[in-house]
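Here's a friendly walk through one protein model. Have a look at the structure first, and then we'll go through some of its contacts, charged pairs and cores.

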Amino acid sequence: MANGMEALYVGSSGLRSAQNAINTSANNLANVNTAGYVRQQVLFADKNYNTFAYAAVSTQKVGLGVGIGDIVHARDIFLDKSYRSEAGRQAYYSAYYNAIDEVQSLYQELEGTAFKDVLMGSGNDRDTNSSLWSAFEMLAQDPSDATNQSLVIQRSNLLLTRANAIYSSLSTYQSQINIQISNDIDRVNELGKQIYKLNLQIQSVEANHVETAYDLRDARDTALDELGALVNMSYTEDSTGIVTVKLEGQCFIDEAHLYEVGKQVDRASGYVNAYWPYLSNEANGQYTNLFDFSIPISSENNTDIGEIKALIQARGDGVKNFAYLEGANPVDYANSVGMSVMEESEAQLDVLIHGLATQINEVFAPNTRASFQVRTENPDGTYTITQYKNVKVLDADNCRLGSDLKIPPRELFTRVGVDRYTEVTDVNGKTWYIYNEEDTFDCRTVTLAGRDYQIWDESKGNGFVTRIDYMTDENGKEVQLRSEEEPYEQWTTKDNQKYIKTFISGKNYYVLNPDYALDTSSQYTLVSLGVNDELESQVDLFPHLTKDTHEIDYAMGAQISDLWSTKTLKIYPGSAATFSFSEYYTEMIGGIASAGSTYESTATTLDSSVSAIDNKRQQVTGVSADEELTNMIKYQNAYNAASRYIQTVSDMIELLVTGL
């Protein structure tokens, strides 16, 4: 009787085990389309054995049936880590390529309305070509012709309008990238909170070592997958089920804390940068950035991972112009503007427009250098002698004049609110027109006392100025009050000193103030450039006459025509190659296209790699409806078999009982 009842328990165990297996397969089928769900597999195991006798050759035992040994949560940690690493790398190249593709689309090279058509045109026939180049070619034939002059003004406006549209669109896209960066940082913190919360829940469920928090683990793995695409991530899991996470090598989540990523907003640009609040001294303005761009971007350095890093790199830290490329240190440029496709595109476009505007203006109103003194009477009865040394002034002997014969002549391209010259009269009564030099980085790097300094470079600047204050004493004697020589920097103000006189190693130097902001209004840059209003309203003021004889200056027309083939522009700082206007544009577009091709092919290759790894992961973790249906049939048959077994044992016991 005892053995008969024991047989019922054996059958019951089979019945329960088959039922649990059916439930597991049903759960798999129900989640076949659930993102991040990992299939569960049932492993059967023998229950305990009871010993009922000992024989000479063996111990005689009887089993208590079958049970669920384990429900396996099928994952491959190596595939998971490979997937997250490659997905992050693919996201980096894809995000950066999208920025390059946006730049390419703005120039409309493939839409038939390329920017080059406005600059140089698409053909060589001057009569049908609608470019600025063709307008100057016609002006060269007859500089006095009002139609030719009007055409130059009209197409100059067209060129600036088109260039400004591109430049503005580049800036707008930077702002759009900035919004995406901000949203991505928020998402990183949201995922961090989710992972931290799931860590605690998983630890709570699995603390008794009886249950496994499968669904919670699936949710955490899904969050880790998404986090890995946003930023370079590493993680480890301890014996209690807690996952610790590092971002860019710094702790993000540990056993007890979540260290959120902060957003530092630049006051000038409004751009967001990611930093670590817990590693920063915000009160003193010291921030530890999430990303270290001083390490070269490469797969070897493992620094080409994460969408956010690519977006920050592509956006840069502000809107740039020609001043950040022309004369820049090649190494500094490569580590700053040269890393950002948006900033480099802005700088290169502005170099083209700046070169065009300044060189054309230089034909109409050329400059030379001179030294002279100017006396100024002060309200307090003293007077000041200002000594200008080697400053740029109008070359009055070689300039061209308009019909009103006015000096200085009008320039074609003007800076809004800034005149080309400032008129002064020296102590001898001679009039000088001092060129209002553009505010640029007119400095050089020198090493003094073991440190590098940016000091004023007189070969790049607009000369020296010495202001000497004098007074006349009661005896009528002239007394000098003050004398100091300094760089002639027109755009420096009391509160915004460009160069600070610094005593280093026994000598005074003019060292660049690191907080100095260039006055872009003084520059021939797209944000402050326009066509001269006076020429637009009265075209005969267009410079076209010789200074001395007032005859039509055909040489001027030829000189401007030659500008289009003169190689003066550099595509990168420190490069030996120079280009004409049309060559520069071609080289610029070619560089963007080449970079786009590289990033696109890399992103495509990595996308295939990510898909291949994910397919392998799905082979391990994914749910196959056919396989699960097969398992359900198998477990159903096992359930039926256990049921028939119980029925047979029950009938046997009933027969024995009734027979007694």
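## A strand residue and its contacts

Let's begin with Thr414: setting aside neighbours within four places in sequence, Thr414 is in contact with Ser528, Leu529, Gly530, Val531 and Asn532. Contact here means heavy atoms within 4.5 Å. Thr414 sits in strand β12, residues 413–415. Helices (H or I, at least four residues) and strands (E, at least two) are DSSP runs, numbered from the N terminus. With 17% relative accessibility, Thr414 counts as buried. The cut-offs are under 20% relative accessible area for buried, over 50% for exposed, and in between for partly exposed (1.4 Å probe, protein chains only).

A word on the background: this is a predicted model, where local features need pLDDT of at least 70 and side-chain atom pairs count only at pLDDT 80 or more, while totals for chains, interfaces and linings use all residues. Residues are numbered from 1 along each chain as its sequence is written, and side-chain values use heavy atoms, with hydrogens and water left out.

Helix α2 (residues 77–107) packs with helix α6 (residues 214–230) at an angle of about 35 degrees, and their axes are 7 Å apart. Those axes are lines fitted to C-alpha atoms, for helices over the stretch in contact, with angles running from 0 to 180 degrees between N-to-C directions.

Who does the touching? On the α2 side we find Tyr83, Arg84, Ala87, Gly88 and Ala91, and on the α6 side Asp221, Leu224, Asp225, Gly228 and Ala229. These contact residues divide into five nonpolar, two polar and three charged. In that count, Ala, Val, Leu, Ile, Met, Phe, Trp, Tyr, Cys and Pro are nonpolar, Asp, Glu, Lys and Arg are charged, and the others, Gly among them, are polar.

## Charged pairs

Side chains of opposite charge can pair when their charged atoms come close. How many salt bridges does a search of the whole structure find? The search turns up 25, each being a side-chain nitrogen of Lys or Arg within 4 Å of a carboxyl oxygen of Asp or Glu. One of them joins Arg89 and Glu86 at 3.1 Å, N to O. Being three residues apart in helix α2, Arg89 and Glu86 are about one helical turn from each other. Arg89 is buried at 8% relative accessibility, and Glu86 is buried at 18%.

Another salt bridge brings Arg410 and Asp404 together at 2.6 Å, N to O. Arg410 is buried at 9%, whereas Asp404 is partly exposed at 34%. Then there's Lys498 with Asp439, at 2.8 Å, N to O. This pair links distant parts of the chain, 59 residues apart: Lys498 is in the loop between β18 and β19, and Asp439 in the loop between β14 and β15. Both Lys498 and Asp439 are buried. Salt bridges with shared partners also tie Glu206, Arg217, Arg220 and Glu237 into one network.

## Nonpolar cores

The largest nonpolar core has 111 residues, and Tyr107, Phe115, Leu227, Val245, Leu247, Leu412 and Trp564 touch the most other members. A nonpolar core is a set of buried Ala, Val, Leu, Ile, Met, Phe, Trp, Tyr and Cys residues joined through side-chain atoms within 4.5 Å. Helix α5 (residues 146–206) gives the most to this core, with 16 residues. A second, separate core of eleven residues includes Ala370, Val374, Tyr388 and Val391.
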